[in-house]
Amino acid sequence: MLSKILSKKECAKCRICCCFDSSDVWETPIITKPLHDKILGEYNPKQKFIKKDNCYILDMPKDESDGLYYCSMLDRNSGCILKDDKPFDCKIWPFRVMDFNGVNVITLSPVCPVVKTRSLEDLSSFIETIAPTIFQQANDQPEIIKPYIKGYPILATDC
Ligand code: SF4
Ligand code: SF4
């Protein structure tokens with residue numbers, strides 16, 4: 001979905017967004033019921049989940065060597081095993097849908113070291129092309145909407 005501004009090669013060298021520490025567990029991707037069932041049926045029948053509203057999040061064991069929680073769908077050599085089935089949150093990362101005073105907005109997480117190097121002009125033009133899809137998904141699956149975090153740049157508003 002983001003291939004116009006981010007290459008697979010750049011992500012392969014990074015993978016920051018597939019591991020979490022205790023301060024950013026809110027970023028773990030929301031898993032819908034159909035995806036939950038697909039993960040159990042096709043990817044890992046032993047995967048454990050934590051229920052969150054009408055959806056789930058993946059139960060990720062802590063890696064005691066560095067204290068981080070690596071996504072259980074991450075293969076450390078080849079990347080996300082879910083490929084095209086990855087959660088919508090992951091398909092649009094580092095863009096986030098947030099609730100800004102009751103209005104859905106698309107923001108950019110400052111954590112991604114690559115996308116933040118793109119010009120604001122390029123990002124805004126790109127977001128215009130995918131904003132309708134993102135806002136539609138947020139309407140269909142409000143669990144992906146996060147509370148607004150001060151300082152996150154707003155690139156589009158659902159109005
Ligand atoms: S943080 Fe950005 S560059 Fe790194 S893997 Fe995630 S999307 Fe790719
Ligand atoms: S589901 Fe895939 S893309 Fe999303 S955090 Fe896990 S490994 Fe990364």
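Eleven residues of domain 1 are in contact with nine residues of domain 2. Contact here means that the C-beta atoms of two residues, placed from the backbone, lie within 7 Å. By class, the side of domain 1 that touches domain 2 has six nonpolar, two polar and three charged residues. Ala, Val, Leu, Ile, Met, Phe, Trp, Tyr, Cys and Pro count as nonpolar; Asp, Glu, Lys and Arg count as charged; the others, Gly among them, count as polar.

This is a predicted model: local features need pLDDT of at least 70, side-chain atom pairs count only at pLDDT 80 or more, and totals for chains, interfaces and linings use all residues. Residues are numbered from 1 along each chain as its sequence is written, while chains are lettered from A and ligands numbered from 1 in the order in which they are written.

## Domains and ligands

The domain assignment gives domain 1 as 7-83 and domain 2 as 94-159. Such bounds come from an automatic or database domain assignment. The centres of the two domains, taken over C-alpha atoms, are separated by 21 Å.

Ligand 1 draws at least three residues of its shell from each of domain 1 and domain 2. Among the residues around ligand 1 are Cys-11, Cys-14, Cys-17 and Cys-112. Trp-93 and Pro-94 also belong to this shell. A residue counts as near a molecule or strand if its C-beta atom, placed from the backbone, lies within 6 Å of it. By class, the shell of ligand 1 has ten nonpolar, no polar and two charged residues.

Ligand 2 has its own surroundings, including Cys-18, Cys-71, Cys-80 and Cys-90. Met-73, Leu-74 and Lys-86 are also among the residues around ligand 2. Its shell has nine nonpolar, no polar and one charged residues.

Helices (H or I, at least four residues) and strands (E, at least two) are DSSP runs, numbered from the N terminus. Two strands pair if DSSP finds at least two bridges between them.

An open sheet of three strands has the order S1-S5-S4, with antiparallel pairing. Strand S1 (19-20) and strand S4 (62-63) stand at the edges, each with a single partner strand, so one side of each lacks a neighbour in the sheet. S4 is joined to strand S5 (residues 68-70) by two bridges. Within this pair, Lys-62 stands opposite Tyr-69.

S2 and S3 form a hairpin with two residues between them. Four bridges join these antiparallel strands. Lys-51 stands opposite Tyr-56 in S3.

Phe-49 is found in strand S2. Is this residue buried, exposed or partly exposed? Phe-49 is partly exposed, because 15 other C-beta atoms lie within 10 Å. The cut-offs are 20 or more such atoms for buried and 12 or fewer for exposed, with partly exposed in between; C-beta atoms are placed from the backbone. Leaving aside neighbours within four places in sequence, Phe-49 is in contact with Ile-31, His-36, Tyr-56, Ile-57, Leu-58 and Asp-59. The C-alpha atoms of Phe-49 and Leu-68 are separated by 18 Å, and the two residues are 19 apart along the chain.

Four strands form an open sheet in the order S10-S8-S9-S11, with mixed pairing. Strand S10 (146-147) and strand S11 (154-157) stand at the edges, each with a single partner strand, so one side of each is without a neighbour in the sheet. Three bridges join strand S9 (residues 103-108) to S11, and the two run antiparallel. Val-105 has Thr-157 in S11 as its bridge partner.

Helix H4 (residues 120-140) lies across strand S8 (95-100), S9 and S11. It runs at about 135° to S9. Axes are lines fitted to C-alpha atoms, for helices over the stretch in contact, and angles run from 0 to 180 degrees between N-to-C directions.

## Backbone exceptions

Most residues other than glycine have a negative phi, and most peptide bonds are trans. The peptide bond from Trp-93 to Pro-94 is cis, with omega near 15°. Pro-94 lies in the loop between helix H3 (88-92) and S8.
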